[in-house]
Amino acid sequence: MITARRLVFLLVFALLPVAALAQVAARASLDRTQARMGETVALTITVDGLQQAAPPDLSPLSGDFTVLGSSTNSSLSIINGQRTLRTEFGVALRPNHPGTITIPALDVAGQRTSPLSLHVDNASAAAPSSRQGPVFLEAFSDTDHAIVGQAISYTVRLLYALDLADGSLGDPQTAGLSMRRVGNDSNYQAQRNGTSYRVLERHYVVFAQHAGKLTIPPVNFQGEALDQRGQDPFFAGTSPVSAVSNTVEVDVDPVPDAEAKGTWLPASALALKLDGLPADGKAHVGTPLTLNLTLEATGLPFEVLPTLSLPGLDGADVYPDKASTGTRDDGSTLIGRRSQAFAVVPTRAGTLSIPQITLHWWNTRKRAMETASVPAARIEVAGAPGAPVPATGSSAAAAAPGAAAASHEHGPVAAPFAGSEMVSTVSRWKAIAAALTAVWLVTLVLAVWLWRRRGRAPRPGRLATDAGMAGGRKGFLAAVTTGDAAGIGQALLRWARETRPSVRNLGELAMALASPAQRQAIEGLQRARFAPGEAILDAQALRQAFEPGLAWARDIAPVHEDLPPLYPGGG
C-alpha cells in the first residue's frame with residue numbers, strides 16, 4: 001500500500017526530470033563591514049547551483065589577512081519539484097593592518113565573486129579597558145549627537161573568555177524609548193589586554209523622539225559557565241556569571257522651526273525616482289502609460305514616509321494604483337520604501353508635460369536640509385489613427401480604469417500580432433496538455449498535504465484568549481491608558497511573546513495576525529511612535545482591536561532565543 005508520504009515523494013521525483021537546472025552563481029559576504037585590529041571577521045562564499053564545489057583560492061587574501069580557518073557546507077532542497085543546490089565556504093580572517101581593506105574578487109566554481117570592503121579601526125583591541133574579567137559587556141552608539149526622529153545605531157557586545165553552558169542577553173528596557181532590533185547576531189574573536197575573547201555582537205536602531213538627553217540604559221547578561229576543574233569532563237559543574245553594560249547617552253536637537261510644520265524626514269540617504277516614461281518620449285491618445293514613483297529612505301521605516309502622488313497633468317487622466325510599502329534592514333539600520341503606480345491616459349494629442357517632483361529631507365550625516373527631485377519630462381502624444389479621441393470628461397474616466405488595470409498587469413496595451421493565428425495547432429495543444437498535467441500534479445500534492453494536516457491545522461483567526469495570557473493582556477490594556485506610544489508597543493510585544501517568543505518587533509507581529517483591525521491598529525501605533533507631532537495615537541482604536549485577544553493567523557512553534565550559537569571556528 002502506498003502511503004501519503006511515499007506518494008508525495010513519488011510525485012516530487014517524477015517532476016525532477018523536467019525541472020530546469022539552476023545556473024551556477026557565486027557571491028561573497030562579510031558578517032560585518034567594520035572591525036578593530038585583533039578582531040576576526042567571517043567571510044562567506046556561497047555557490048548556488050552546485051552541491052559539491054572545489055574550495056576557492058584564498059591566496060589573494062594573504063597580504064591583508066591571516067586565514068585562521070575554513071569550513072564547507074553543502075545542501076540540497078526540493079520545493080515543488082525544483083531542486084536548489086548550494087555550497088557555502090566559511091573563512092575566518094584576522095586583518096593584518098588598519099585602514100580600508102578591499103577583499104578582491106575570488107575565483108570559485110568557474111565564477112568570480114564581487115569585491116568587498118572592510119574598514120579596520122586602528123584603535124587597538126589591546127588598549128587599556130576599564131572593564132576586566134572573563135565576561136563583560138560593552139555598548140555604544142554610532143553618534144553622540146542626533147536630531148528628533150533620527151535613527152541611531154546602537155550596538156551591544158558580549159565578550160567572554162570561558163566556556164558558557166547557557167546564557168541570556170536581554171534587551172534594553174525603558175519607558176518612552178522606541179527601539180528595534182535589526183540584523184542577526186554576529187560571532188567572532190577579539191583580543192583585549194592580551195586576552196582572547198569570543199564576541200557576540202547585537203545591533204539595534206533607537207529613534208530619538210524628543211529633544212534633550214537620550215539615555216539608553218544598561219543591558220544585562222546572565223549565564224552559566226562550565227567548570228571543568230574536576231577529573232571527569234563529562235560531569236563538569238557550572239557556576240553563574242553575569243555582566244552589565246555601560247549606559248549610552250545621546251544629545252538630541254529639536255526639529256528646526258522652518259521645518260516643524262512640514263513632513264520631517266531625517267535620513268542618512270534618500271532617493272526619489274520615477275520609472276515607466278517611454279524611452280522614445282512618445283505616446284498615443286487613449287493608450288495608458290504606467291508610471292511608478294518610488295521613495296526609499298535609509299534610517300526610516302516606511303510608516304513615516306509621505307503618501308506619493310503625481311501633480312495634476314494637463315492633457316491626461318491619472319489613476320493611482322494601490323501603494324506598495326515595506327521596511328527592511330541591512331544589519332545596522334532600517335530602510336523604508338514606498339512605491340506608488342499610476343496609470344496615465346493621454347486625452348489629446350500634443351505635448352504632455354510632467355513637472356518636476358521635489359521632496360525636502362534632513363541629511364543626518366551632513367546635518368543639513370537637502371532636496372530630492374525627479375526632473376521634469378515631456379512626452380509627445382500622437383492621435384490614434386482611425387479611432388475617436390477619448391473625451392476628457394466622464395467618458396474617459398469610465399473607460400480608463402480598465403485600461404489602467406490592463407496596463408498595470410500586462411504593460412502598455414499593444415496591437416495584436418498579425419501572424420498570431422498562424423501558430424501551430426499541434427504545438428498549442430501540446431502546451432495545453434503539459435500545463436494541465438502540471439496543474440493536476442500540483443493539485444494532487446496539495447490535496448495530500450492538506451489531508452495530512454486536516455486534523456491538526458488551526459482555524460485562521462483563532463483568538464488567543466487562554467488564561468495564561470491574561471497577565472500580558474492586562475499589562476497591555478493598562479499601558480493603553482497612559483498614552484505613551486513606545487510603552488504601549490513594548491507592552492504589546494511582551495503580551496505577544498508569551499505565546500510567540502520569536503516575534504522580534506511590531507512589524508513581525510502585524511504579519512502574524514489575521515485580524516485586519518489589529519494590523520491597522522499596529523500601523524497607527526507605529527506612526528505615532530516614529531512620526532511624533534504628525535500622527536495622533538488612537539488609544540480607543542487600540543483597545544477595541546485587541547480587547548478580545550490576539551487573533552493569530554496560524555500556530556507557530558515557540559522558539560526560545562537565549563544565547564545564539566557561539567563562534568563556529570571553536571576558539
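This is a conversation about how the terms used for this predicted model apply to its parts.

Biologist: What should I know about the model and its numbering before we start?

Modeller: The model is predicted, so local features need pLDDT of at least 70 and side-chain atom pairs count only at pLDDT 80 or more, while totals for chains, interfaces and linings use all residues. Residues are numbered from 1 along each chain as its sequence is written, and side-chain values use heavy atoms, with hydrogens and water left out.

Biologist: How many helices and strands does the protein chain have?

Modeller: The secondary structure comes to 8 helices and 32 strands. Helices (H or I, at least four residues) and strands (E, at least two) are DSSP runs, numbered from the N terminus.

Biologist: What makes a residue count as buried, and what share of the protein chain does?

Modeller: Buried means under 20% relative accessible area, exposed means over 50%, and partly exposed lies in between (1.4 Å probe, protein chains only). Of the 571 residues of the protein chain, 39% count as buried.

Biologist: Why is Ser-245 called buried?

Modeller: Its relative accessibility is 5%, and therefore Ser-245 counts as buried. Ser-245 lies in the loop between strand E18 (237–244) and strand E19 (248–253).

Biologist: What lies 2.7 Å from a polar atom of the Ser-245 side chain?

Modeller: The backbone nitrogen of Val-219 does. A polar contact is a pair of N or O atoms within 3.5 Å; within protein, one must be able to donate a hydrogen and the other to accept it, and residues adjacent in sequence count only if both atoms are side-chain atoms.

Biologist: Is Asp-121 buried or partly exposed, and why?

Modeller: Asp-121 has a relative accessible area of 36%, so it is partly exposed. Its place is in strand E9 (residues 116–121).

Biologist: Which residues does Asp-121 contact, leaving aside neighbours within four places in sequence?

Modeller: Contact means heavy atoms within 4.5 Å. Asp-121 is in contact with Ala-35, Arg-36, Met-37 and Pro-98, leaving aside neighbours within four places in sequence. The C-alpha atoms of Asp-121 and Gln-34 are separated by 7.5 Å, although these residues are 87 apart along the chain.

Biologist: Why does Gln-150 count as buried?

Modeller: Gln-150 has 9% relative accessibility, so it counts as buried. It sits in the loop between strand E11 (145–147) and E12. Not counting residues up to four places away in sequence, Gln-150 touches Thr-143, Val-206, Phe-207, Ala-208, Pro-266 and Thr-364.

Biologist: Why is strand E15 described as largely enclosed?

Modeller: In E15 (residues 195–207), 11 of the 13 residues are buried, so the rest of the structure largely encloses this strand.

Biologist: How do you know which strands pair with E15?

Modeller: Two strands pair if DSSP finds at least two bridges between them. Strand E12 (residues 151–160) is joined to E15 by 10 bridges, and they run antiparallel. The hairpin of E14 and E15 has 2 residues between the strands, and Asn-193 takes a positive phi near 55° in it.

Biologist: What makes E20 and E29 edge strands?

Modeller: The open sheet has 3 strands in the order E20-E28-E29, with mixed pairing. Strand E20 (266–267) and strand E29 (368–374) each pair on one side only. E20 and strand E28 (residues 357–363) pair in the parallel sense over 2 bridges. Pro-266 has Trp-362 in E28 as its bridge partner.

Biologist: What makes a group of residues a nonpolar core, and how many residues has the largest?

Modeller: A nonpolar core is a set of buried Ala, Val, Leu, Ile, Met, Phe, Trp, Tyr and Cys residues joined through side-chain atoms within 4.5 Å. The largest has 31 residues; those with the most contacts inside it are Leu-265, Leu-270, Leu-272, Leu-293 and Val-344. Strand E23 (289–298) is one of the elements that give two or more residues to this core. E23 gives the most, with 5 residues.

Biologist: How do you know that helix H5 is mostly covered?

Modeller: In H5, 11 of its 13 residues are buried. Among them are Ile-488, Leu-492 and Trp-495.
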